[in-house]
Amino acid sequence: MYRIGFDIGSTTLKCVVLDEENNIVFSSYDRHLSQIKEKSVELLNKIKEALPDTKEYLFAISGSAGMGISESASVPFVQEVYATRAAANKFLPGSDVIIELGGEDAKILFLKGSCEVRMNGTCAGGTGAFIDQMATLLKLTPTEMNEYASKHERIYTIASRCGVFAKSDVQPLLNQGANKYDISASIFDAVVNQTIGGLAQGRVIEGNVVYLGGPLTFFPTLRALFDKALERRGTCPENSLYYVALGAALCADKAVDIALVTENIEKYSAAGQFNTLTPLFTSTEEYAAFTKRHKKATVNQKTLSDATGKVFLGIDAGSTTVKTVIINEDEEILYSTYSSNSGNPVPVIKNILTDIYTQKPDITIASCAVTGYGEDIVKNAFGIDFGIVETVAHFTAAKKFMPDVEFIIDIGGQDMKCFKIKNGAIDNIYLNEACSSGCGSFLQTFANALGYDIEEFSKKGLFAKNPVDLGSRCTVFMNSSVKQAQKDGATVEDISAGLSMSVVKNAIYKVIRPSSKDALGKRIVVQGGTFLNDAVLRAFEQEMGVEVIRPSISALMGAYGAALYAKKKCKNPSTIITENALKSFEHTVKTVNCSGCTNNCLLTINTFDNNRRFISGNRCERPITKKSPDNSLNLYAYKNYLLSQYKSEKGNLGKIGIPMGLNMYEMYPFWHKFFTLLGFEVVPSPKSSRDLYLKGQSTIPSDTVCFPAKLMHGHVKELCDMGIKTIFYPCMTYNFEDIASDNHYNCPVVAYYPEVIESNCTFLEGVDFIYNYIGIHRKKDFPKKIFAILHSRFPSITLKAVQKASVAAYRERDNYLARVRARGKEIIEHAREEGKHIIVLSGRPYHIDGEINHGIDKLITAFDTALISEDSISHLVPDVRPGVLDQWTYHSRLYRAAKYITTQKDMDLVQLVSFGCGVDAITTDEVRSILEEGNKIYTQIKIDEITNLGAVKIRLRSLLATL
Amino acid sequence: MANHIEFTKEMKKTHTILAPYMLETQFDMLGEIMKSFGYKIEILKNRSEEVVQDGLMYVHNDTCYPALLVIGQMIHALKSGKYDPDTTALMITQTGGGCRASNYIHLLRKALVKAGFPQVPVISINLSGLEKNSGFSLSLPLIARIMACLVYGDVLMLLKNQITPYEVNKGETVKKVEEWKKRLSESLYANVHFSLSKVYENIDKIVSDFAAIEINKTPKVKVGVVGEIYVKYSSLGNNNLEEFLASQDCEVMLPGVMGFMLFKVDNRLEDIKLYGGNPFKKLVCTILFNFFKKFEKAMIDAFSKYPQFTPPMPYEHTKENVKGVIGHGNKMGEGWLLTGEMIDLVQMGYENIVCAQPFGCLPNHICGKGMVRKIRELYPEANIVPIDYDPSATRVNQENRIKLMLSIAKEKL
């Protein structure tokens with residue numbers, strides 16, 4: 001009997017029909033655009049046409065979106081990875097490893113040895129949909145992206161964990177002028193890293209490697225990058241798109257009547273099993289009243305030819321778009337543009353300026369200002385008078401529409417910015433984290449994925465009867481929620497409305513998190529391109545239960561605010577580029593690696609008119625001033641310096657390696673002293689770097705653990721590579737009892753990560769890895785306990801020596817802490833003498849690692865502020881009883897530092913939070929409430945493997961602007 | 001800032017206490033015990049989508065899923081209007097360990113303030129002396145009865161899971177479970193004098209009663225479930241995992257909660273062993289541990305009489321199993337016990353394992369996902385799939401991954 005196999009994936013529907021000898025007699029590959037039912041019926045009809053004589057088939061369905069159909073049509077379901085394996089065993093004997101990328105799934109199958117199949121978890125990008133998303137961002141088709149990538153010269157590091165992260169890495173690269181060849185290749189490389197790092201989990205990929213699935217079939221450059229990373233040549237077999245379908249066909253063991261199946265599928269309608277929300281509008285009248293109300297918030301618009309006298313230009317060079325506005329002295333708009341930045345704002349703005357000069361050659365631009373991501377480059381390129389931070393620009397514009405505004409929420413393409421206004425000044429700022437950017441580009445991507453443009457798509461949602469409840473999570477999760485809703489039979493209309501609502505919920509419950517809805521006030525201005533979408537606007541009003549103001553120029557508010565600012569600060573004449581100079585304006589871009597320090601920042605050098613240079617991508621001022629950064633007021637730098645002063649001394653017991661990560665950043669003085677006195681040569685692992693991380697990446701078993709923990713794999717690997725035969729990295733449930741708190745735990749990851757290292761790092765073979773459970777919190781018992789551990793390995797060690805070394809070790813730890821505190825005090829005093837503001841950069845001991853904090857400390861001191869750490873001031877408050885269980889040593893310091901800051905006028909706190917740090921879900925809220933109670937602004941910076949410093953800069957500047 | 005309202009003696013008379021629903025077999029009976037001690041208690045069973053929504057609205061969204069659900073359930077109940085917030089109290093467990101769970105109570109209090117119920121007192125159930133309320137005490141007689149109830153629950157759960165897939169008369173087992181729950185609840189309510197021998201007797205009766213159910217042992221895929229305690233047991237937390245596995249024609253083994261109780265007491269002894277400590281504390285914990293062990297023994301003895309049943313692994317065996325895999329000092333969350341249960345399951349023939357955890361669960365990075373490789377190295381037949389649970393982790397993705405695990409299992413059948 002002939003066999004049919006269906007593979008209904010997240011984006012495509014694949015089908016094969018096999019004859020008795022397993023030859024393919026029919027095959028089809030098509031995007032289903034969520035019309036799974038219709039497409040399936042269509043396909044079955046095609047099969048009937050192609051093979052009119054066959055009525056009965058062995059039929060099976062596979063694929064993540066196939067479950068629903070398979071149940072209703074009573075066709076057996078075959079899990080897709082399993083199907084791939086069945087097909088590979090049949091058609092590709094001799095293969096060892098299969099790598100298959102699909103629309104939203106990534107899989108690795110190990111066929112030889114102990115057979116294993118791996119599939120990406122819930123939090124993982126790096127798949128076809130991700131590549132599509134990135135291509136959209138680059139304004140390329142995926143095929144073009146492949147061609148571009150083949151011509152690359154260099155690879156940039158792009159976060160591979162999920163699309164949202166990658167996006168925030170790609171955008172600044174584009175803005176800085178990096179070329180699309182290199183970016184395309186870097187995106188592919190990120191996919192490679194994600195697949196290998198996330199799925200291999202310690203198992204080596206070797207032997208014959210086979211590539212399957214859409215992306216690996218269509219993009220030879222992606223295959224080449226896989227080859228490079230795996231150091232072998234994999235093959236992409238014929239029919240590589242159809243392996244899941246082939247496997248389903250091979251596994252099919254139930255004969256079905258194809259006509260009957262078609263009938264069943266036609267009847268199939270998953271009867272609204274998804275959770276639904278209130279419709280946005282129930283009638284067209286309701287919608288009409290809504291649009292009428294919002295039409296009121298408007299500004300007078302005239303044309304450039306009306307211009308008499310001075311005009312003022314505002315530019316908002318955002319992450320994905322460029323907006324410009326020209327106003328006259330009456331603050332009426334004479335000219336405005338809204339366009340995509342096409343990856344680089346400079347040529348776009350050049351065209352706009354040319355257009356302005358052409359339309360009105362005698363124009364007098366009295367003053368101009370620029371805001372947004374591209375602020376620096378635009379300011380440099382065109383001689384713009386002022387650069388202002390986005391929050392200020394938006395507030396300025398919002399006041400124009402509602403002088404007593406209490407809350408502003410701006411949702412743009414990539415960012416979400418919300419400000420609370422109190423007494424006419426910005427009182428608090430909320431910006432979206434890298435992990436929750438349910439913004440404009442998010443809606444757009446979904447619209448495109450479902451085959452619509454954004455306007456058409458959002459209109460569809462306005463009158464949806466049963467909007468799908470999609471929750472309020474990040475894009476990656478949203479993909480699967482949408483998939484689920486489709487499975488349950490939701491219409492495009494329902495999904496569109498649901499997505500708009502989820503953007504709103506994301507903003508309210510993830511970004512702003514007000515104590516209650518009333519906390520935002522009743523006087524709200526909403527703006528940003530995303531609010532031009534009526535569905536989003538309506539959803540916001542519904543969720544908040546208030547009528548808000550949406551200015552007609554919602555998308556132009558940044559630029560309008562900049563123009564208003566320029567008018568106010570007018571320093572006539574403007575330094576803006578003249579018409580003549582613009583005609584000969586030239587712009588070239590090149591990238592180099594900075595060799596100023598070990599950060600090796602990738603610098604993008606923009607040259608304008610062959611003589612003016614603008615450097616971006618730098619974390620410190622060194623490549624610009626050619627001087628080392630001034631670290632005298634940087635406690636992070638001092639802590640790193642202190643640690644580097646613990647030198648290794650040759651010892652009679654040989655070398656003992658210590659991986660420098662997590663709690664070792666604080667324990668190192670203790671262990672260094674302890675082991676040196678016992679007669680060991682203490683060898684720390686080298687400084688963290690991207691390379692070091694990649695070396696250990698394949699042994700990480702949990703892809704959602706925090707980055708500092710992941711980095712440990714690389715540190716241990718380095719020590720092994722250095723030939724160290726004894727590595728010391730103990731498990732520590734408890735930390736020092738410094739503070740009178742409820743308990744003094746380490747977090748579960750810090751406490752037990754050595755267990756993960758031991759169980760997953762195969763390279764530890766032949767190394768004595770000492771990872772016993774050690775309690776430094778019990779000073780009296782400690783020597784006895786550690787003696788037992790060490791004595792069995794090094795019989796020459798005596799209890800007496802251990803006791804002596806212990807006393808010295810505890811003392812050394814106290815000394816270290818005392819030095820940090822003393823330096824903190826000094827910095828505070830210096831800063832006060834010089835009238836500098838003090839930022840308390842708070843986090844964990846390991847956040848001083850430059851690879852983890854991405855140079856944020858230097859970024860902060862570059863703003864002419866002093867920087868200290870939480871542990872240098874946490875002892876200065878007598879007693880703090882936080883509103884949560886105060887049980888983790890590192891976190892207890894945060895609460896106390898926050899409390900202390902509320903008593904200091906010139907100090908503010910910035911909290912570094914590692915992505916995936918579960919404990920910080922508790923601490924951030926608590927620190928925030930301590931600060932807010934003391935009328936201080938809380939600023940949080942989420943950091944991960946890679947962090948977009950552009951966003952960090954905006955956040956810091958916003959904070960400093962409020963002071 | 002801290003909104004700590006004490007549960008006073010007076011409140012014991014006036015207030016209805018709402019408690020979350022985690023161990024479905026055990027908690028109904030627990031309610032009866034509490035009633036016999038004079039508390040007006042109600043176990044919350046609301047589980048609509050609004051529960052999750054309320055959780056998302058009032059709890060930091062990066063907090064673990066169980067906190068979101070438990071708090072969501074409570075706020076949802078209070079908002080429903082069914083309970084007068086002035087005469088309602090809430091009850092929640094607090095383990096006192098190094099994982100976030102010890103902080104649920106504080107998150108709940110913050111949520112209560114946010115949601116407009118600052119007057120509602122929250123009772124902490126803990127064995128660490130973390131919080132005290134004059135109107136509620138975890139007295140020894142109460143502890144003894146709670147233990148009895150937990151062990152009855154374990155027995156019923158294990159029997160139900162082992163028999164239902166094979167019963168000849170469909171529905172017979174579940175019916176019996178309900179009957180016994182009722183009977184035991186009544187006896188727990190009436191049982192003024194607690195005696196251990198009565199527990200032994202009851203367990204024996206239960207097991208022999210279930211042994212009488214007619215079964216037809218056909219080969220089925222045997223799946224073990226381990227994980228973070230809430231998502232492991234609560235169907236609200238794990239998207240009806242047991243039901244799904246049953247629908248895929250599997251026999252499911254959920255290791256009981258007794259092991260966890262022993263583990264929590266034993267941790268204190270282990271701490272003293274590893275780091276040194278107070279001999280008196282050691283003595284108290286040893287007595288408590290030995291007392292708990294008696295309940296476990298009752299269960300194992302009863303099961304061992306019938307060859308068709310798989311008795312639970314003795315705690316010591318599980319502990320021995322993890323030697324060389326993970327340290328006994330690993331105590332946060334489910335700690336080494338989770339790893340141990342996976343090994344137990346493989347040894348008992350349930351080598352297909354779902355390791356369930358809330359998304360981003362910190363201890364499970366170590367004792368769950370972190371140990372899979374090593375377990376497979378020791379037991380190549382182990383077929384483990386880690387599944388994350390989260391408000392937006394969709395069922396379709398979870399079931400798809402479980403199906404992959406099941407496909408491999410079926411191949412070996």
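# Exercises on a two-chain predicted model

In chain B of this predicted model, residues 24 or more positions apart account for 74% of the contacts with a separation of 6 or more. The exercises start from there.

## Exercise 1. Chain B as a whole

Work out how compact chain B is for its length, and state how much of it is buried.

*Solution.* 
- Step 1. Take the secondary structure. Chain B has 17 helices and eight strands.
- Step 2. Take the extent. The C-alpha trace spans about 60 × 50 × 45 Å along its principal axes.
- Step 3. Take the burial. Of the 413 residues in chain B, 60% are buried.

## Exercise 2. The domains of chain B

List the domains assigned to chain B, then describe how domain 1 meets domain 2.

*Solution.* 
- Step 1. Read the bounds. The domain assignment gives domain 1 (9-136), domain 2 (139-218 + 278-309) and domain 3 (219-255 + 313-413).
- Step 2. Take the spacing. The C-alpha centres of domains 1 and 2 of chain B lie 26 Å apart.
- Step 3. Take the contacts. Eleven residues of domain 1 of chain B touch 14 residues of domain 2 of chain B.

## Exercise 3. The neighbours of strand β4(A)

Is strand β4 (residues 56-62) of chain A largely enclosed or open, and which strands pair with it?

*Solution.* 
- Step 1. Check burial. Five of the seven residues of β4(A) are buried, so the strand is largely enclosed by the rest of the structure.
- Step 2. Take β1 (residues 3-8) of chain A. It runs parallel to β4(A), with five bridges. Arg3(A) stands opposite Leu58(A).
- Step 3. Take β10 (residues 255-257) of chain A. This pairing with β4(A) is antiparallel, over three bridges. Here Leu58(A) stands opposite Ala255(A).
- Step 4. Take β5 (residues 77-78) of chain A. Two bridges join it to β4(A), in parallel. Ser62(A) stands opposite Val78(A).
- Step 5. β4(A), α2 (residues 67-72) of chain A and β5(A) make a right-handed β-α-β unit.

## Exercise 4. The core and the interface

Find the residues that touch the most other members of the largest nonpolar core, then describe where chain A touches chain B.

*Solution.* 
- Step 1. The core has 437 residues; Ala248(A), Ala563(A), Ile71(B), Leu108(B) and Val151(B) touch the most other members.
- Step 2. Helix α6 (residues 140-163) of chain B gives the most to this core, with twelve residues.
- Step 3. Look around Ala563(A). Leaving out residues up to four places away in sequence, it touches Phe312(A), Leu313(A), Gly314(A), Val325(A), Ile326(A) and Ile327(A).
- Step 4. Turn to the interface. Here 63 residues of chain A are in contact with 55 residues of chain B.
- Step 5. On the chain A side, α28(A) gives the most, with nine residues.

Key
Residues are numbered from 1 along each chain as its sequence is written. Chains are lettered from A and ligands numbered from 1 in the order in which they are written. This is a predicted model: local features need pLDDT of at least 70, side-chain atom pairs count only at pLDDT 80 or more; totals for chains, interfaces and linings use all residues. A nonpolar core is a set of buried Ala, Val, Leu, Ile, Met, Phe, Trp, Tyr and Cys residues joined through C-beta atoms within 7 Å. A residue is buried if 20 or more other C-beta atoms lie within 10 Å of its own, exposed if 12 or fewer, and partly exposed in between; C-beta atoms are placed from the backbone. Helices (H or I, at least four residues) and strands (E, at least two) are DSSP runs, numbered from the N terminus. Two residues are in contact if their C-beta atoms, placed from the backbone, lie within 7 Å. The radius of gyration is taken over C-alpha atoms; the globule rule is 2.2 Å times the number of residues to the power 0.38. Two strands pair if DSSP finds at least two bridges between them. A crossover is right-handed if, with the strands pointing away from the viewer, the path from the first strand over the helix to the second runs clockwise. Domain bounds come from an automatic or database domain assignment.
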